[in-house]
Amino acid sequence: MENAYEQAVSHPADSTLTREGKAPVIDLRIDRLDRYRDEDLERLEGFLSPDQREKLSSIRNKKARRQSALAADLLEGAFLDLGIHGPLHYGKLSNGKPCLIDQKEVDFSVSHAGNLAAAAAIRFSNQTSEGTQKHDMSLQPGMAADSGSGTSIAPSFHPCLGIDVEDLTFRKKDPDLLTRLAERFFRPEEARIVREGLADGLSFSWEEEDLDLSDEIRLTRRFYRIWTFKEAYAKALDRPLIRVLKEEPYRPDRPDLLCWAGEESILSLILAGQEIRPENVILHGSYMR
């Protein structure tokens, strides 16, 4: 049975991922490492692009490699559903954000933590529906990319997609520590949210009220809601996290933020400066507890 979030973002099975004249679709995928044996992930690696396999070969830590392999598989599965077929060649924009060298209209982001891996991808076009913000096709200063072989490219949009996931079973839950961290790194109003909750008139989402949670767990979830937003935003624009922590304000009703929280996990999806419409997000997997 679908939960409320899945009902909001899922599409019928016969829906298409490219809708002419409408806002671009975000393909969002979530999976859990503990669903796979080592040999399963090794087989997954064999289906990845050469660039991804080369990247994985340099990861010596076994758990980090397992996490990265699953995230890469989710990402390249999203590319396929968006109509992006190989060969896939990865590079980096001059600001450091990963990109696809031959797919200037594609933006993507991956994240993994504990037993969770997630990936999101979007394919922009010049066509947008009425009322949808068009993507500025002018380039930001320095928005060229390097393929690693001296080849520079430039995207046809402003990179703006970011994702971050946290597996709370692997994170600190000491409310005093999280409160101190919030006061040190978050904006004052955000530290207040961690300590006291949201101001009147604001709410997180349905599951926060429906779950039977202790005050300590609620504080932990408030901290990681803000933390995953900051991480996702930093990834979206490839800005230093330390700057985003203080400069970019969190509100649960931001139109460019979609947040999902299971009992032991938090995921934030950002489309910086754009509105995320739930009907334009396709969710694959519901493996967040």
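The axes of helix 5 (residues 175-185) and helix 8 (215-237) come within 10 Å of each other and cross at roughly 30°, where axes are lines fitted to C-alpha atoms, for helices over the stretch in contact, and angles run from 0 to 180 degrees between N-to-C directions. That makes helix 5 roughly parallel to helix 8; angles under 35 degrees count as roughly parallel, over 145 as roughly antiparallel, 65 to 115 as roughly perpendicular and the rest as oblique. Helix 5 passes helix 8 in a left-handed crossing, the term for a near helix turned anticlockwise from the far one by less than a right angle. On the helix 5 side, Pro175, Leu178, Thr179, Leu181 and Ala182 meet Glu216, Leu219, Thr220, Phe223 and Tyr224 of helix 8, contact meaning heavy atoms within 4.5 Å. The residues of this contact divide into 7 nonpolar, 2 polar and 1 charged. Here Ala, Val, Leu, Ile, Met, Phe, Trp, Tyr, Cys and Pro count as nonpolar, Asp, Glu, Lys and Arg as charged, and the others, Gly among them, as polar.

The model is predicted, so local features need pLDDT of at least 70 and side-chain atom pairs count only at pLDDT 80 or more, while totals for chains, interfaces and linings use all residues. Residues are numbered from 1 along each chain as its sequence is written, and side-chain values use heavy atoms, with hydrogens and water left out.

Helix 2 contributes Asp38, Leu41, Leu44, Glu45 and Phe47 to the contact, and helix 4 contributes Lys62, Arg65, Arg66, Ala69, Leu70, Asp73 and Glu76. By class, this contact has 5 nonpolar, no polar and 7 charged residues.

Turning to the strands, an open sheet of 4 strands runs in the order 4-5-1-11 with mixed pairing; two strands pair if DSSP finds at least two bridges between them. Its edge strands, each pairing on one side only, are strand 4 (106-113) and strand 11 (281-284). The twist averages 15° from one strand to the next. Within the sheet, strand 1 (residues 26-32) and strand 5 (residues 116-123) pair in the antiparallel sense over 7 bridges, and Leu28 stands opposite Ala120 in strand 5. Helix 4 packs on the sheet, touching strands 1, 4, 5 and 11, and its direction makes about 25° with that of strand 5.

Strand 8 (residues 161-167) is largely enclosed by the rest of the structure, because 7 of its 7 residues are buried, that is, under 20% relative accessible area, with exposed meaning over 50% and partly exposed in between (1.4 Å probe, protein chains only). Leu161, Ile163, Val165 and Asp167 on one side, and Gly162, Asp164 and Glu166 on the other, are all buried. Strand 8 pairs with strand 10 (residues 265-271) in the antiparallel sense over 7 bridges, and Asp164 has Ser268 as its bridge partner there.

Asp238 lies in the loop between helix 8 and helix 9 (241-247). Although not a glycine, Asp238 has a positive phi of about 50°, and this residue is partly exposed, with a relative accessible area of 28%.

Overall, the protein has 9 helices and 11 strands, taken as DSSP runs numbered from the N terminus (helices H or I, at least four residues; strands E, at least two). Buried residues make up 51% of its 289 residues.
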